[in-house]
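Notebook open, structure loaded. I'm jotting things down as I look them up.

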Amino acid sequence: MAVKTKTPKRLYLVDGSAYIFRAYHALPPLTRKSDGAPIGAVSGFCNMLYKLLTDMKDEHDPTHFAVIFDYSAKTFRNDIYPEYKANRPEPPEDLRPQFPMVRDATRAFNVPCIEQEGYEADDLIATYACQVEDEGGEAVIISSDKDLMQLVSDKVTMFDTMKNKKIGRDEVIAKFGLGPEHVVDIQALAGDSTDNVPGVPGIGVKTAAQLIEEYGDLETLLERAEEIKQKKRRENLVEFSEQARISKKLVKLTCDMPVASKIDDFEMRPIDKDKLLSFLKEMEFSTLTRRVEADIGGGSTSPAPSQTKDAVYETIFDEKTLQSWVAKAAQRGLVAIDTETDSLNAMRANLVGVSLSIEAGRACYIPLGHGGDGLALDDEDAAKQIPLENALKILKPLLEDPSALKVGQNLKYDALVLSRYGVKITPFDDTMLMSYALDCGKGNHNMDELAERHLAYSTIKFSDIAGAGKKAKTFDQIAIKDAAKYAAEDADITLRLYEVLKPRLAAEGKATVYETLERPLAPVIVDMEREGVKVDKALLSRLSSDFAQRMAAAEAEAHMLAGEKFNLGSPKQISDILFGKLGLPGGRKTAKGAWSTKADVLEQLAAEGHDLPQVILQWRGLSKLKSTYTDALPAEINAETGRVHTSYHMAATTTGRLSSNDPNLQNIPIRSEDGRKIRTAFVHEKGNVLISADYSQIELRLVAHIADLKSMKQAFADGVDIHALTASEMFDVPVKDMDPMVRRRAKAINFGIIYGISAFGLANQLGISRTEAKDYIDAYFNKFPGIRQYMDDTIASAKAQGFVETIFGRRTYVGGINDKNPAMRSYSERQAINAPIQGAAADVIRRAMIRMPDALKNAKLGAKMLMQVHDELIFESPETEAEKTCEIVSKVMVGAPIPAVTLSVPLIVDARPGKNWEEAH
């Protein structure tokens, strides 16, 4: 009788902590639609884990599988060396709440989720890998972490899923210069600034490998250190020998730790379909949900709503039919409209078509400009299009009819496009802005998401008809029969959304917010965007040349300091020089295991007296200004107008603030002299001046009002310097002749604390210890107890209601405010504190912008509002009217809250003219 042989174990061990950080940094920020909870890392983790599980086939199938996590920051290594990992920054605020969700995700995949107090994930991985090796099995470690490379053997390999690369003995040698058995000794010498492993100063990985290869092992090297010929290296090895031994204890992984779970507990289990789908739907991962449903079953087999036959869409090729549609729309007094163009830039876009809908499920598309390069030559429909001029002549009376309401989704874009064709849409409602007024904080407000959220409707995506990437077509290149379905659906869905959202405004008390802060602002911004701003192309060219020369000088100095040439734009080459060749201390590793060369790392090195990092920072600063502004802005000048036209997003933030892009004029730096030079390139036409009108400390003034802070309110009423007052109160110093550095600290505290800054954050900002920063925060709350009361009351209200509101009624939903996870709860609490303050400031300036055009017109002034940048408005005015314009602008901005809210503190506006933006500001 044959004896059955037991199949050797093949254990897969996933470095879960590394997966989390890789997922977080690989993807843009993502929030859950229903409550705004950050879920980007969870999404990336789930996709990575699912891919790994589905990619393992045949001979690669594991018999056992587990995901291993770090339990906490403190481990037995901190007992050996208290400063171990002291350099590591705290996880980003929006990542912390995701840690427990990732654990939940692992369990949802029916995979063991392993962590153990007092030990790092690497030690757990090492213990299980050694155990399975001793049993004659194999271990595959899913990670690229160099610290785990000491475990590689004939039976233990690593696999980097990001690069689809196996890491065996040869790869370890390529990394360290020697095999896995020497990795610990090499790391003990070289140290690791990421984990604050001290090592021996002046010795990098390459030198360490040479020494270990020559002397055999660390202990032999240290015993024979006096034989080393190089003086500095010899002295360091002798002086820091004990430090090297401690470093070895820190980097050596423990293979025999007492583990709570056994390998047999990790036996591969099939995915629990119901459990996994329930979790994915709870997280609102629709794409992965559909993929899992397709792979393992459990999904609906009914067609997507966009594929159902209940909608009737018509393509219009003759003027008579178009006139019939227009007549019916005018009779109803309501029509949804959407334009199709060949560009996302409204000031450069050509009109390709218009779609209309007058009842749910029925819409039409009027093609007007199909026939661009790439359109099929046999597309007979292209020849049947109504001439653009004729179609607009028929549409214009309807679109300008004050008795017919036009409804759109982000109709600001369509209004701007049509305004260039002599058509002004009025009046109009906007479903995007309705959603923003109703559900701010509950996710995005684009049509695709709103359709899924409110209509359970899956829309046709632009990429479905145009393709994606470099081969994507513009809309004029798309065959009309395909374009018509997409375009008509847009109008149909817009009308359906309107019918859902419009009644909610009154029912939920948000009609005033929509009617006073959202809808009337859209046409104002249309005029601003179309007006644009003039930039001095010649000045930008001179600045670009100046920056280039100074970059070249900085590059030459950097090469001299490094002793060799390298690419200052390459993070890898910079890290090789700073932490490899020069062996500078204080670096940290990224989630992918590379040395970080972020600004805060280089700034810390520069603060410690290292010249090269400072020069690199100078080069980077100039490079960013050159590439982002002085080189890029001239390309943004519109050929027709000779001006730059930004695009404002009205529903992109959770606080009501506007954002802009193409180009982003709100991020032009003002703190550095070089940054301010960029603003000098924003100029006026002949005979005009620019005017900058800026609210002074508006958020602090609103805090004083909202939190009823009597001392602050009195200070603002008396015109006292609020930062000097805070410094005087906290540090017991007189306001008169105050040290600017003391005032600077008070300013950082004033602005930081009202947004829930931590001791860690304040310490970094001021360059002080966390203990000192905590003392500042405690002292602040003692001097201004009303701030603490406001925070506590706001958080309590948010916990009870799930949202916060500004003094103008703008509501922001705060997901996670009652979450069991402390990190998620803390993140949401800071959101709750911030939104009423920053949101109120945004509301004030919105109200000012809405009233501004009529105020200027009534005063018979020729000024035009050009830009909005945070708390500042920029105008172009005839020079002869500058003084009067400043007066009217200031009056409107100061009175913006009235009559909605009577503030208990005065608003102050600084308005002044100048030859350019910087001079005016």
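Is Asp843 buried or exposed? I looked it up in what is a predicted model: Asp843 has 0% relative accessibility, so it counts as buried, the cut-off being under 20%.

**Entry: around Asp843**

I placed Asp843 in helix 35, which runs over residues 822-858. I got Leu517, Thr806, Phe808 and Arg810. Thr806 turned up again when I checked polar contacts: its side chain and that of Asp843 are joined by one of 2.8 Å.

**Entry: helix 14 against helix 15**

Then I went to a helix pair. A pair like this gets described by the angle between the axes and the distance between them. For helix 14 (residues 319-332) and helix 15 (residues 388-400), I have the axes coming within 10 Å and crossing at roughly 10°. Angles under 35 degrees count as roughly parallel, so helix 14 is roughly parallel to helix 15.

Which residues make the contact? On the helix 14 side I noted Glu319, Leu322, Gln323, Val326, Ala329 and Ala330. Helix 15 brings Asn390, Ala391, Ile394, Leu395 and Leu398. I sorted the residues of this contact by type and got eight nonpolar, two polar and one charged.

**Entry: Glu319**

I wanted a closer look at Glu319, which sits in helix 14. With a relative accessible area of 33%, Glu319 is partly exposed; that class lies between the 20% and 50% cut-offs. Leaving out residues up to four places away in sequence, I found that Glu319 touches Ile386, Pro387, Asn390 and Ile394. With Asn390 there is also a side-chain polar contact of 2.9 Å. For scale, I checked Glu319 against Leu622: they are 303 residues apart in sequence, and their C-alpha atoms are 57 Å apart in space.

**Entry: aromatic pairs**

How many aromatic pairs are there? My count, with ring centres within 6.5 Å, comes to 14 aromatic pairs. I wrote down two of them. Tyr19 and Phe45 are edge-to-face, 6.0 Å centre to centre with 80° between the planes. This pair links distant parts of the chain, as Tyr19 is in helix 1 (residues 16-26) and Phe45 in helix 2 (residues 40-55), 26 residues apart. I checked burial too, and both Tyr19 and Phe45 are buried.

Tyr780 and Phe781 are also listed as edge-to-face, at 6.3 Å centre to centre and 80° between the planes. Tyr780 is buried at a relative accessible area of 0%, and Phe781 is buried at 13%.

Ring pairs can chain up as well: I found Tyr365, Phe462, Phe475 and Tyr486 linked into a cluster.

**Entry: helix 7**

Last stop was helix 7 (residues 183-190), which is mostly covered. Of its eight residues, seven are buried. I listed those as Val183, Val184, Asp185, Ile186, Gln187, Ala188 and Leu189.

What do the buried residues pack against? I read off helix 6 (169-176), helix 8 (205-215), helix 9 (218-223), helix 10 (231-239) and helix 11 (241-251). After helix 7 comes Gly191, and I noted its phi as positive, near 70°.

Terms used. Residues numbered from 1 in each chain as written. Heavy atoms only, no water. Axes fitted to C-alpha atoms, helices over the stretch in contact; angles between N-to-C directions. Helix = DSSP H or I, 4+ residues; strand = E, 2+ residues; numbered from the N terminus. Parallel < 35°, antiparallel > 145°, perpendicular 65-115°, else oblique. Contact = heavy atoms within 4.5 Å. Nonpolar A, V, L, I, M, F, W, Y, C, P; charged D, E, K, R; others polar. Buried < 20%, exposed > 50% of the residue type's maximum accessible area, 1.4 Å probe, protein only. Polar contact = N/O pair within 3.5 Å; in protein donor to acceptor, adjacent residues only side chain to side chain. Phe/Tyr/Trp six-rings, centres within 6.5 Å; stacked < 30°, edge-to-face > 60°.
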